[in-house]
Amino acid sequence: MKKEKQNSDTQQTSLPVPSSQGMTIVVKTVSSWLKVLIFLFGIYIILSGDLGPGGGFAGGVILALSYVLLMLAFGREFAEKNLPRTLAARLYYCGALTFAIIAILGIPFGGAFLSNFLIGKFGEPLTILGGGTLPLSNIAIAFNVGASLYLVILSLSVCCKGKECKFE
Amino acid sequence: MIIFYILIVFVIIAALIAVETKNLLSAVICVGAIGFGGSLLFLLLRAPDIAITQIVVEVLGLIILIRATIARDMTFISDDIEFFKVIFTMVIIMIIGIAGIMVFETLPDFGIPAFTQADDAASHTYISDGLKETGAGNIVASVILGFRGYDTLGEATVLFTAITGATVILRRKGKKKLNEPDS
């Protein structure tokens, strides 16, 4: 009895949860513009990771957040149509694999595991391509982190217990 | 530097409220306050890389907590705490506190990087040869992807393994009921 009373109390104080159809037209319009800007900011953070603050991890999370905004505003089906689960899983495997391959390619070309064998090949240092393997590693880490966090949010919003789930 | 200590007190108060409150939504909001306060602390300590990562992960964590936890997982602690448990907890906390005070007295003062004082410290090499050997203008990137690349590779491996396990456990297709026969 005590537990039921607590449950009924918390039902009144819980959040108004958005349904799978998404939110109102205002939120949809604003977020469809903001999503592009957030995505561009994520790309900037990734590519400038070896020149300024940022890096692959933070940029990848920002890329995932742009899709999370899409999922919150338009519903899970819309986001899953934009970036399907299988494609996200492939991006995430490919990111991890690319980072490992870059690390292993350092042995024949640079003499040591994870050595920077491309430094100065595409431009001077302190330019966007002058970092050698560092920008490539940043991009690989960003794919790994971003796609995996997107997969986690997708899985958590699908998983539910019993018939009381409102998200299906 | 007074704002730094104000932020530390704010974060500690938010942490105490997050532990003590009964309402789950208030606790989640206090966790967010801890995260954003921590991000500002990193920014005041001139670590913008960490500040960016902290604030971004905090936003993602808050979204996961609010959207995926609060709406469906009503967890409440309703049992009364026994007297013996309180005594036991107090003793353990006092032991840990005394040990922590003894450790703190051996630490160098706040804000003085003791590990760069030695003549052959590794950070001298990082600062002087970072651009030449790794090609990164940002010294943090030259450390995490150049000198300490193994750490980043291990971190990526840990994340890969963890997310693979999470997506396998939380999947919807391919699950069967407990007494359902294998197909």
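Which residues does Thr152(B) touch, leaving aside those up to four places away in sequence? I began with this point in what is a predicted model.

**Entry 1. Thr152(B)**

I listed the neighbours of Thr152(B) and found Phe99(A), Ile141(A), Ile144(B) and Leu145(B), not counting residues up to four places away in sequence. I located Thr152(B) in helix H7 of chain B. I then looked up its relative accessibility, which is 10%; the cut-off for buried is under 20%, so Thr152(B) counts as buried. I also noted a polar atom of the Thr152(B) side chain 2.3 Å from the backbone oxygen of Ile144(B).

**Entry 2. The two chains**

I turned to the secondary structure of each chain. For chain A I recorded six helices and zero strands, in the order α-α-α-α-α-α along the sequence. For chain B I recorded seven helices and zero strands, running α-α-α-α-α-α-α from the N terminus.

I next looked up burial. Chain A has 168 residues, of which 45% count as buried. Chain B has 183 residues, and buried residues make up 24% of them.

I looked up the contacts by sequence separation as well. In chain A, 65% of the contacts with a separation of 6 or more join residues 24 or more positions apart. In chain B, 35% of the contacts between residues at least 6 apart join residues at least 24 apart.

For the surfaces, I noted an accessible area of about 9000 Å² for chain A, with 70% belonging to carbon and sulfur atoms. Chain B exposes about 13100 Å², and carbon and sulfur atoms supply 71% of that area.

**Entry 3. Aromatic pairs within chain A**

I counted 12 aromatic pairs over all chains. Why is the pair of Tyr67(A) and Tyr150(A) classed as edge-to-face? The ring centres of Tyr67(A) and Tyr150(A) are 5.6 Å apart and the planes stand at 65 degrees; planes over 60 degrees apart count as edge-to-face, so the pair falls in that class.

I placed the two partners in the chain. Tyr67(A) is in helix H3 (residues 56-74) and Tyr150(A) is in helix H6 (residues 133-158) of chain A, so the pair links distant parts of the chain, 83 residues apart. I found Tyr67(A) buried at 15% relative accessibility and Tyr150(A) buried at 2%.

**Entry 4. An aromatic pair between the chains**

I then examined Phe113(A) and Tyr150(B), whose rings form a tilted pair, 5.4 Å centre to centre with 35 degrees between the planes. This pair crosses between chains: Phe113(A) lies in the loop between helix H5 (85-110) and H6 of chain A, and Tyr150(B) lies in helix H7 (residues 149-169) of chain B. I recorded Phe113(A) as partly exposed, with a relative accessible area of 25%. I recorded Tyr150(B) as exposed, at 55% relative accessibility.

Over which rings does Lys35(A) lie? I found its charged end over the ring of Phe39(A), 5.4 Å from the centre. I also found Lys35(A) over the face of Tyr67(A), at 4.6 Å from the ring centre.

I looked up Lys35(A) among the buried residues of H2(A), which are Ser31(A), Lys35(A), Gly42(A), Ile45(A) and Ile46(A). Helix H2 of chain A covers residues 25-47, which is 23 residues.

I placed Leu114(A) in the loop between H5 and H6 of chain A, and I recorded Leu114(A) as buried, with a relative accessible area of 14%.

I placed Arg46(B) in the loop between helix H2 (24-44) and helix H3 (48-70) of chain B. Is Arg46(B) buried or exposed? Its relative accessible area is 76%; the cut-off for exposed is over 50%, so Arg46(B) counts as exposed.

Key
Residues are numbered from 1 along each chain as its sequence is written. Chains are lettered from A and ligands numbered from 1 in the order in which they are written. This is a predicted model: local features need pLDDT of at least 70, side-chain atom pairs count only at pLDDT 80 or more; totals for chains, interfaces and linings use all residues. Side-chain values use heavy atoms; hydrogens and water are left out. Helices (H or I, at least four residues) and strands (E, at least two) are DSSP runs, numbered from the N terminus. Buried means under 20% relative accessible area, exposed over 50%, partly exposed in between (1.4 Å probe, protein chains only). Contact means heavy atoms within 4.5 Å. Accessible areas come from the Shrake-Rupley method with a 1.4 Å probe; for residues, only the protein chains shown count as cover. Rings of Phe, Tyr and Trp (its six-membered ring) pair if their centres lie within 6.5 Å; planes under 30 degrees apart count as stacked, over 60 as edge-to-face and the rest as tilted. A charge sits over a ring if NZ of Lys or CZ of Arg is within 6 Å of the ring centre and within 35 degrees of the ring normal. The expected span of a helix is 1.5 Å times one less than its number of residues. A polar contact is a pair of N or O atoms within 3.5 Å; within protein, one must be able to donate a hydrogen and the other to accept it, and residues adjacent in sequence count only if both atoms are side-chain atoms.
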